[in-house]
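Subject: Structure for you to look at

Hi,

Here is the structure I promised. Please open it first, then read my notes below.

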Amino acid sequence: MLRLRELREDRDLTQQYIADVLSCKQNTYQQYESGKRQIPIDSLKKLCLFYGVSADYILELPENLEYPKR
């Protein structure tokens, strides 16, 4: 999850600060950043709103994905 680290470091934030935003322990957040643990959906939503980016961006999905039409 390289993007999580980039987003955090670009804003000069600590892992502890983001862990506090997510209401989790610093070592749990560190595992999200390193890819050792999957981010729960509610935490992913919080991160998207906090950073102002899409889940696709955080999850490093390609930009040209097609979405089903409703």
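How many salt bridges does the count come to? The count comes to 3 salt bridges, where a salt bridge is a side-chain nitrogen of Lys or Arg within 4 Å of a carboxyl oxygen of Asp or Glu.

Some ground rules. This is a predicted model, with pLDDT of at least 70 needed for local features and 80 or more for side-chain atom pairs, while totals for chains, interfaces and linings use all residues. Residues are numbered from 1 along each chain as its sequence is written, and side-chain values use heavy atoms, leaving out hydrogens and water.

**Salt bridges**

Glu9 pairs with Arg5, with the closest N and O atoms 2.9 Å apart. These two residues are 4 apart in helix H1, so about one helical turn separates them. (Helices are DSSP runs of H or I, at least four residues, numbered from the N terminus.) Both are partly exposed: Glu9 has a relative accessible area of 38%, and Arg5 is at 43%. The cut-offs are under 20% for buried, over 50% for exposed, and partly exposed in between, with a 1.4 Å probe and protein chains only.

Glu9 also forms a salt bridge with Arg8, at 3.9 Å from N to O. Arg8 is buried, at 8% relative accessibility.

Arg8 in turn meets Glu33 at 2.5 Å, N to O. This pair links distant parts of the chain, 25 residues apart: Arg8 sits in H1 and Glu33 in H3. Glu33 is buried too, with a relative accessible area of 9%. Shared partners join Arg5, Arg8, Glu9 and Glu33 into one network.

**Helix H1**

H1 covers residues 2-10, and its buried residues are Leu4, Leu7 and Arg8. They lie on the same side of H1, because they cover an arc of only 95° around the axis. (The arc is taken from the directions from the helix axis to the C-beta atoms.) They pack against H2 (15-22), H3 (26-34), H4 (41-51) and H5 (55-58). Contact here means heavy atoms within 4.5 Å. Just after H1, Asp12 has a positive phi of about 55°.

**H2 against H3**

The axes of H2 and H3 are 8 Å apart, and the helices pack at about 100°. That makes H2 roughly perpendicular to H3, a label for angles of 65 to 115 degrees. Axes are lines fitted to C-alpha atoms over the stretch in contact, and angles run from 0 to 180 degrees between N-to-C directions. Residues making the contact include Ile18 and Leu22 of H2 and Tyr29 and Glu33 of H3.

Best wishes

Methods. Parallel < 35°, antiparallel > 145°, perpendicular 65-115°, else oblique.
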